[in-house]
Amino acid sequence: KNSAGIAFGNYQNVRIRHAKQGISLQAEESSFVNSNSFLAGGMSGGGFEVGVIAQGPGACNDNKFYGMFIEPPDTTLTHVYVSGAKTNVKFHDVRLEATSKSLDKPIVIIDDSSYGNVMNGLLGHTHVQANLNRNPDIDLMSAKSVGIDPAPKNLYWNSAFKGYNADDRMMPGFSLVGTNAAITILEDGDEMLFPDHNVIDVDYLNYGGAFKLMADNTPKAPAHDFVTFGVYARSSVPSSISAAMRYESGNIIASASHSGSGDWEFIGMSALYDKSAPYFYFSITGDVQLTAPTFIYGKAPAIPGASLMSSSGARMSGTLTMGVTTVYPPPDATPYYWTIPKNSGNIFLIDTQGNPSRSIIRLNHRTADRFARGTLATLMFEEAGTRVKHNAYIKLKNNADFVSGPNTSITLMAGGSASWVEVSRNE
C-alpha cells in the first residue's frame with residue numbers, strides 16, 4: 001500500500017493448514033509486489049477459500065513458487081486465483097490437488113486480464129480456467145484440461161524471398177513501402193544463412209524517413225492475443241533496422257535495433273497486438289541485408305529458416321519436388337491388376353519390361369493398397385502401346401481409353417476406394 005512494495009523476498013518451507021487464504025499477493029495501483037520466491041512448503045486441510053491469490057491493479061508479477069504443494073480437499077473460490085493486467089505468477093514443479101472439489105469447478109482461475117503466467121507440475125482432479133493463448137507457458141495437463149502452444153506455421157509465405165521483379169519492385173508476399181531504398185537479391189549460396197533462402201540487400205538512400213518491409217496480407221487469427229515475428233539482419237550501421245507493430249493499446253512499439261556489428265542478428269519481438277487494426281512491419285533506416293523472416297500468432301520463440309506447410313492450406317514460393325518411383329507389371333496370373341506403391345510419391349514411371357502391349361484395367365484394387373481420396377497419381381510411359389482402359393474403376397474423359405505413345409502421361413485422382421478419375425492426359 002501507499003506506493004510501497006515488497007520485492008525479492010525469499011520464503012522457504014512455509015507450511016499452511018486450515019486457513020481462509022494461504023498466500024495473498026496484492027498491489028495497489030502505485031505499489032508493487034514483485035519477484036518474490038517461495039521454495040517448497042505448501043497448503044493442506046479444510047476451510048480454504050483460496051490457496052494462492054495474486055491481484056493488481058498495481059504491479060504484482062514474477063512471483064515464483066518452486067516445488068510447492070497446494071492440496072486442500074476443496075476451496076470455495078479455487079486453489080490458485082490470478083487477476084490484473086500487471087499480475088502473473090510462475091509455478092514450477094508444483095502439486096495441485098483437490099480430492100473433494102466438484103469436477104466442474106476449476107482448480108486454477110486466471111482472469112483474462114492477466115497474461116504471461118507460467119505453470120507446470122502435477123494437476124489433479126479438476127481443470128484450469130484461463131485464456132491459454134495469453135498464457136502459453138501453462139503446461140499443466142490432466143484428463144480434464146491441457147495447455148496450448150501456438151502453431152509453428154510461418155505466415156510469411158514467401159520467407160525465402162523468391163520471385164523478386166526488379167522492374168516493378170515487386171516481391172511476392174511482401175510490400176516494399178517507400179522509394180528510398182535500392183533492392184538487390186543475393187542468391188549466391190555463400191551469402192545464404194539458411195538453405196534455399198535468398199538474401200535481400202537494402203541500400204538505404206538516406207531520405208524520406210524509414211523504408212518499410214511488411215507482408216502484403218497477414219491472415220487474421222482472432223483467437224490469439226500475441227504475435228511473434230522477426231527477421232535475420234546483417235548491417236554495419238547501428239539502428240539500421242527494428243521490428244515494429246501496433247500494440248493492443250493502439251500505440252506503435254518497436255523491438256531492439258541492430259547493433260551495427262556487421263554480423264547476422266535476429267531482430268524481432270513478441271507482444272500483445274491491436275486486433276482492431278493489426279499492423280506489423282520492419283522499419284529500415286540504414287543499409288542492411290535481410291533473410292528468413294518469420295511470423296506466427298502466439299507467444300513462442302521464433303523459428304526462422306523453417307516454413308512448415310499446414311494441412312489447412314499452404315502456398316509455395318519455392319520449388320515443390322514430387323517423389324518419383326518405378327512401377328513394374330503385375331504377375332502373369334493377374335495381368336490387368338496393376339499396383340502403384342503408396343507413400344512413394346505421386347509420379348510413377350511405368351516399366352513394361354520390354355513388352356508395352358499391356359492393359360491397365362484395375363489400379364490398386366486391394367484395400368491395403370488404396371490411396372486417400374483426392375490423391376493425384378501421374379503415370380509416365382516411355383514406350384507406345386500400353387492401354388489404360390475406361391471402365392467402372394478407371395473413369396476416363398469422354399469414356400475414351402488412353403493409349404501411350406513415347407514419353408506420354410496420364411494423371412488420375414483417387415476416389416478413396418478402388419476407383420480413379422482422369423484429371424488430364426498428355427498423348
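Two strands are counted as paired if DSSP finds at least two bridges between them.

**View 1. Parallel pairing of strands S9 and S12 in the predicted model.** Strand S9, residues 60-66, pairs with strand S12, residues 87-96, in the parallel sense. The pairing extends over 5 bridges. Within this pair, Asn63 lies opposite Val89 of S12.

**View 2. Strand S12 and its pairing with strand S10.** Strand S10 comprises residues 69-70 and is joined to S12 by 2 bridges. The two strands run parallel. Phe69 has Arg95 in S12 as its bridge partner.

**View 3. Strand S12 and its pairing with strand S14.** Strand S14 spans residues 118-123 and runs parallel to S12. The two are joined by 5 bridges. Here Phe91 stands opposite Met119 of S14.

**View 4. An open antiparallel sheet of 5 strands.** The strand order is S18-S19-S26-S21-S24, and the pairing is antiparallel. Strand S18 (181-186) and strand S24 (264-272) each have a single partner strand and stand at the edges, so one side of each is left without a neighbour in the sheet. On average, neighbouring strands of this sheet are turned by 30° against each other, direction ignored.

**View 5. The antiparallel pair S19 and S26.** Strand S19, residues 199-204, is joined by 3 bridges to strand S26, residues 288-297. The strands of this pair run antiparallel. Asp201 has Gln289 in S26 as its bridge partner.

Technical notes:
Residues numbered from 1 in each chain as written. Predicted model: local features only at pLDDT ≥ 70, side-chain atom pairs only at ≥ 80, totals over all residues. Heavy atoms only, no water. Helix = DSSP H or I, 4+ residues; strand = E, 2+ residues; numbered from the N terminus. Axes fitted to C-alpha atoms, helices over the stretch in contact; angles between N-to-C directions.
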